[in-house]
Structure formats: C-alpha cells, structure tokens
Amino acid sequence: MSGTVGQSPAADDPARLLLSRGYLRLLPLSLGLGVPIALASFFFVGLQHWLQNLVWQELPHTLGLGRAPWWWPLPALTLAGLILAPIVTRLPGAGGHVPVHGLGGDPIGPRALPGVALAAVLTLPLGVTLGPEAPLMAVGSALALLGVRALRRHPVDPASAKVVATAGSTAAISTILGGPVVAAIMVVEAVGLSGPRLAVLLLPCLTASGAGALVFTGFGHWTGLSTGALALPTVPQDTLPDAGDFLWGLPAAALVAVLVSTAHQFGERTHRWTSARATAVRTSACAMAVGVCLTAYALLTGRSPEEAALSGQTTLGQMAEDPRGWSVLALVALVLCKALAWGISLGSLRGGPIFPAVLIGVATGLACAGLPGLGAAPAFALGITAAATVVTGQPLTSCVLAVLLLGRDAYNQMPLIVLTAVTALLVGRLRSRRRLECAPADA
C-alpha cells in the first residue's frame, strides 16, 4: 500500500490522489475489511451484552433475589477492579485509551488487542459506568491493521495505516451508533478537514462503515441477538416548540454542560491520581468507589442500582418509555450518583465516555421538565445534545445523534437541538478556559 496516501506528488494534490491507482485499491480493501470487522464487532458487543444480562438479571433471579439488590454493585465492581488492575499494568496497551481523553488518540495496534478486548468484555458487564464505544473503535482499528498486514506482503506506510485504522474504527463504531451516518460525521468533525482532503479520509471510512452496518444489521436480524446499541424503541410524546421550551431549555442545556464538564474535570483528577503511583491498587480502589456510588443511588431511591450502573442505554430506554415514572428526587439522585461514578470511571477504568454522559444529560433535562412550558420531548432533545456536545466537543455529531435517536420527534425539536448544541459548546469551552487560567494559581 506504499504510495497510496503519503507519497508525493499525488499526496500534495488531494484531487489527483482520489483518482490514483493506489488510492482506488484502498476502497475495495476498506470494503473487504468492513465485513469481518462488523462480524467481530457483532460478537464482541453481543457477548458483552449477554454477560451484562447474566450479571444483572439472571444471576439475581437464580439466587432468589428478584432484581439486583442494593448491595449488588459492591462485589461486582470490586471484581471488576481486581480483573482490570493487572490488565492496565501488565498487558500491552494498558487495556486501551483512558476514557477521560475521549475517543481520540493513536490507533490501537494488534499487539494491544487482547488487553482491550479483555478489559471491555470482563469489566463493563459488571457495572462499570462507561460505554462500549471506545473499546469497539480500538478493536476495529486493531483488526483493520491486522488484516492489512495479513493481506499485504510489503510494509504499510504510516499515512495509509492511519487511514485504514480510521476506517476500521468507523466501521466498528457505526455498528453501535445505529448506522454509518453518525460515525462518518464524527470523523468529519474530528479531523477538521474540508474539500478533497476530507474525501481522502472519508471515502474509505464510509465504505467500511456502510458494509459493516449492513452486515451487523443482517446478523442481528438472523440471530435475534441483542447488542445493546444506543437506541430509543419508544420516544416521549412529541410537542410543538413554544417559548417555554427555549426559556427553560437553554438554561437547562447550560446546566447539563456544567454537570458533565464538572464530572469530566473530576475524571482528569482521578486519572492523575491513579497514574501517579500504585496504579493497580488505585484502579481497584476506584472501581470499588464506583460500586459505592451505585449502592448509594439504590439506598437513596429504593430503586434498582442497575439504573445507575453500566453505560445507561437500558435506563435511557426506560425513561423514554415512561418519563413520568421517575420522580424529581430520583432523577436528581441518578444525576449526582451517576455523574460521580462516571467521573471516577473516566480517569481509572476502561470504556467509552459518551453513553453515560447522554443518560446524565437526559436525566437532568427530565428533572427540569416540570417547569412551565418544558415538556418531556424537548427535555430529551436538549439532554442528549448538550451532554454529547460537551463530552465529544463535536456539536454537529451531537445534533445528528439526537435526531436519529428521537426519530419522529426530531423534526419539531430541531431548532432547540441546534441552539442547545451551541449553548453547551460555549459553556463547556468557557469552563475549560477558566480552568486552564486558574491552573497555575492552583499549582
């Protein structure tokens, strides 16, 4: 693949590069890699979802406990910490990227693949308050690079390897975001390119993710297996936007931005603490602290600790189906306990940062939905958009994600979705700037 992306003179002219022989060979390669990556991703998240159901549903019933009792997260998260500690400290790749750093970073190579897969499959189902998106992207990039090495006799140049790894990550993440559109837009915003230079990276990503999403959807239909992809089977009753939606909605979006950015800042401090020394011991301690947060939620509300555990997709669906089934006090407790557990997990455990943030945003929005003129549908819209914008720094991706999740409700909520993204991004950036300005004084 040498000379495909990084070699002159074609690399200096993106328009010429798009029609070059080496680049055109890259597209069918991306198509071919997208299929096996999607299959691997399907079984990866399917196994994780099966284990999650086993730990939080079947095992409590088998033991005669009914639903998971209030103390259930304590042994589950303690076990997660004991499993993760040696993976982080001894295996190549340290189990994947630290989630407080987002979804970015260098592609994960094949050597780090076992640690990433073990960390995700063995710890996320135990209640870690992180999502599967980051490990899934890491698995996709590692499998793509592994496939290229197996198919090519000659070494792959760094530029081509980065394109292939990005295509693999996009194919993998599209399977759990409901399709290739959100994943492709995420790539667009992340790289910040435009024109022909954008197409150089985007076309392989679209090719791989399109093929992967098709295979993933087909396997889900044929096997009947659930993968826990981010989706809302039902949505709150739609309402036409009015002045109350914006009067209360934009301040609520700012509140979501403050809560999510504060929890993220706590995650940065947690990461500095766990990485300073005694990483294995401190990682285990952080996992146990997450269990304490989940137990506190169950004791405060009398509800199942599962609602605050894990990535939050199941709880998000429950909220969408019955938004009135949650009291304001329960929602406030969920926001506080989930945000604290998420912040601890961001800096010490392994997983994705987006899905739990979306639940925190939606719960905050629903807690504000009792205000005059603000309904459940606008609360969902602003919660999804504001939280995703802050945690990813990508307002366009967050808007598209909210539109896809809300489905038929999205058309009427689009003005609020767009303004929410702008508000959340500005609030998040303002808080980041103030934190950086105060950092020397704190030091």
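**Surface, pairs and loops in a predicted model**

Reader: Let us start with methionine 414: what is its relative accessible area?

Author: Methionine 414 has a relative accessible area of 35%, and is therefore partly exposed. Buried means under 20%, exposed over 50%, and partly exposed lies in between, with a 1.4 Å probe and protein chains only. The model is a predicted one, in which local features need pLDDT of at least 70 and side-chain atom pairs count only at pLDDT 80 or more, while totals for chains, interfaces and linings use all residues. Residues are numbered from 1 along each chain as its sequence is written, and side-chain values use heavy atoms, leaving out hydrogens and water.

Reader: Where is methionine 414 placed?

Author: Methionine 414 belongs to helix H16, residues 410-442. Helices here are DSSP runs of H or I with at least four residues, strands are runs of E with at least two, and both are numbered from the N terminus.

Reader: How far is methionine 414 from proline 241, C-alpha to C-alpha?

Author: The distance is 9.3 Å in space, although methionine 414 and proline 241 are 173 residues apart in sequence.

Reader: Turning to the surface, which residues form the nonpolar patch?

Author: The patch consists of Leu59, Leu63, Leu65, Trp70, Trp71, Leu74, Val292 and Leu299, and together these residues have about 730 Å² of accessible area. Patch members have over 30% relative accessible area and no salt bridge; nonpolar side chains (Val, Leu, Ile, Met, Phe, Trp, Tyr) are joined within 5 Å, and like charges within 9 Å. The areas come from the Shrake-Rupley method with a 1.4 Å probe, and for residues only the protein chains shown count as cover.

Reader: Where does tryptophan 71 lie?

Author: Tryptophan 71 is found in the loop between helix H2 (21-62) and helix H3 (73-90). Its relative accessible area is 34%, so tryptophan 71 is partly exposed.

Reader: How many aromatic pairs does the structure hold?

Author: There are 2 aromatic pairs. In one of them, the ring centres of phenylalanine 42 and phenylalanine 43 are 5.4 Å apart with the planes at 85°, which means that the pair is edge-to-face. Rings of Phe, Tyr and Trp (its six-membered ring) pair if their centres lie within 6.5 Å; planes under 30 degrees apart are stacked, over 60 edge-to-face, and the rest tilted. Phenylalanine 42 is buried at 1% relative accessibility, whereas phenylalanine 43 is partly exposed at 46%. Tryptophan 71 and tryptophan 72 also form a pair, a tilted one, with 5.6 Å centre to centre and 50° between the planes.

Reader: What about tryptophan 72: buried or exposed?

Author: Tryptophan 72 counts as buried because its relative accessibility is 7%.

Reader: How many salt bridges does a search of the whole structure find?

Author: The search finds 1 salt bridge, where a salt bridge is a side-chain nitrogen of Lys or Arg within 4 Å of a carboxyl oxygen of Asp or Glu. Arginine 303 and glutamate 307 are the partners, at 2.9 Å from N to O. Side chains of opposite charge can pair when their charged atoms come close. Arginine 303 is partly exposed at 22%, and glutamate 307 is buried at 11%.

Reader: Over which ring does the charged end of arginine 303 sit?

Author: That charged end sits over the ring of tryptophan 326, 3.9 Å from the ring centre. The rule asks for NZ of Lys or CZ of Arg within 6 Å of the ring centre and within 35 degrees of the ring normal.

Reader: How many disulfides are there?

Author: The count is 0, a disulfide being a pair of cysteine sulfur atoms within 2.5 Å. For cysteine 293, the closest cysteine sulfur is in cysteine 337 at 6.6 Å, which is too far for a bond. Cysteine 293 is buried, with 6% relative accessibility.

Reader: Now the backbone: what is phi of alanine 278?

Author: Phi of alanine 278 is near 50°, a positive value in a residue other than glycine. Alanine 278 lies in the loop between helix H9 (243-276) and helix H10 (279-301), and is partly exposed at 40%. Leucine 310 also has a positive phi, near 65°; its place is the loop between H10 and helix H11 (313-321). Leucine 310 is buried, with a relative accessible area of 4%.

Reader: Finally, how far apart are proline 73 and threonine 295?

Author: Proline 73 and threonine 295 are 222 residues apart in sequence, with their C-alpha atoms 6.3 Å apart in space. Proline 73 is in helix H3 and is buried at 0%.
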